[in-house]
Amino acid sequence: MKTILVADDEEKIREVIKEYAEFEGYKVYEAQNGMEAVRMCRMYDFDAIVLDVMMPKLDGFSACKEIKKIKNIPILMLSARSEEYDKLFGFEIGIDDYVVKPFSPKEVMARLNVIISRNSKIPDDKKMYEFEGLVIDMDARNVFVDGKKAELTPKEYDLLFYFVKNKNIALSREKLLCDVWGYDFYGDDRTVDTHIKMLRNSLGKYRDYIVTLRSLGYKFEP
């Protein structure tokens, strides 16, 4: 049985997510604030965490940073704030997905199922790719830029590996959302653009390997 932690100071939100999660077979723990969430992560092993941004005592972003110091647990962030800055900051500190309130419980579960499934998968190949000074070790999930290890977020790794496996193929935003995020995405496709921007920054001088295709999407062209 998969185990998740739902951390939110609103009891009704915890109850709704718990009801849907238990219906799908999850064991659910609850936390009312960020400090409690961090404390519980020290005590238990979770397959994923649903973490609200605005919580008393310790906000979700700060709680995420502390949790990542303890264990590498997939995190789905909830927030009433939809600004790109907040989403970008969340991904930079290591969250796996971001849902804006008010939300559909079914959508939350769909996203939660995907990040748990993705992090449970055993790599289906053991390959290392080299493109000049860019080295990509898929087995170890390591990326090196001119000999220096790049610190990518989980989603940046997934996106880059997908690009490499589909080198020189034109990929629409919709296809990227479907194959990398793993579900039919309900919302605008700026999520892809935000992650592409982050990934390009991580690749440094090799950022131009990711080519923008006007009115379509992107292509990895080393």
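Is Asp45 buried or exposed? Asp45 is exposed, at 61% relative accessible area. The model is predicted. A search of the whole structure finds 15 salt bridges.

**Lys71–Asp45**
- The side chains of Lys71 and Asp45 form a salt bridge, at 2.7 Å from N to O.
- Lys71 sits in the loop between helix 3 and strand 4 (75–79), and Asp45 in the loop between helix 2 and strand 3, so the pair ties together parts 26 residues apart in sequence.
- Lys71 is partly exposed, with 23% relative accessibility.

**Asp52–Lys101**
- Asp52 and Lys101 pair through their side chains at 3.1 Å, N to O, in a salt bridge.
- Asp52 belongs to strand 3 and Lys101 to the loop between strand 5 (97–100) and helix 5 (105–120), so this bridge ties together parts 49 residues apart in sequence.
- Asp52 is buried at 3% relative accessibility.
- Lys101 is buried at 15%.
- A network of salt bridges links Asp52 and Lys101 with Asp8 and Glu10.

**Asp158–Arg141**
- A salt bridge joins the side chains of Asp158 and Arg141, at 3.3 Å from N to O.
- Asp158 lies in helix 6 (residues 154–165) and Arg141 in the loop between strand 7 (134–137) and strand 8 (142–145), so the pair ties together parts 17 residues apart in sequence.
- Asp158 is buried at 13% relative accessibility, whereas Arg141 is partly exposed at 34%.

**Helix 2**
- Helix 2 spans residues 34–43, and its buried residues are Gly34, Glu36, Ala37, Val38, Met40 and Cys41.
- Their cover includes strand 1 (3–7), strand 2 (27–31), strand 3 (48–52) and helix 3 (60–70).
- Asn33 caps the N-terminal end, with a side-chain oxygen 3.1 Å from the backbone nitrogen of Met35.

Notes
Residues are numbered from 1 along each chain as its sequence is written. This is a predicted model: local features need pLDDT of at least 70, side-chain atom pairs count only at pLDDT 80 or more; totals for chains, interfaces and linings use all residues. Side-chain values use heavy atoms; hydrogens and water are left out. Buried means under 20% relative accessible area, exposed over 50%, partly exposed in between (1.4 Å probe, protein chains only). Helices (H or I, at least four residues) and strands (E, at least two) are DSSP runs, numbered from the N terminus. Contact means heavy atoms within 4.5 Å. A polar contact is a pair of N or O atoms within 3.5 Å; within protein, one must be able to donate a hydrogen and the other to accept it, and residues adjacent in sequence count only if both atoms are side-chain atoms. A salt bridge is a side-chain nitrogen of Lys or Arg within 4 Å of a carboxyl oxygen of Asp or Glu.
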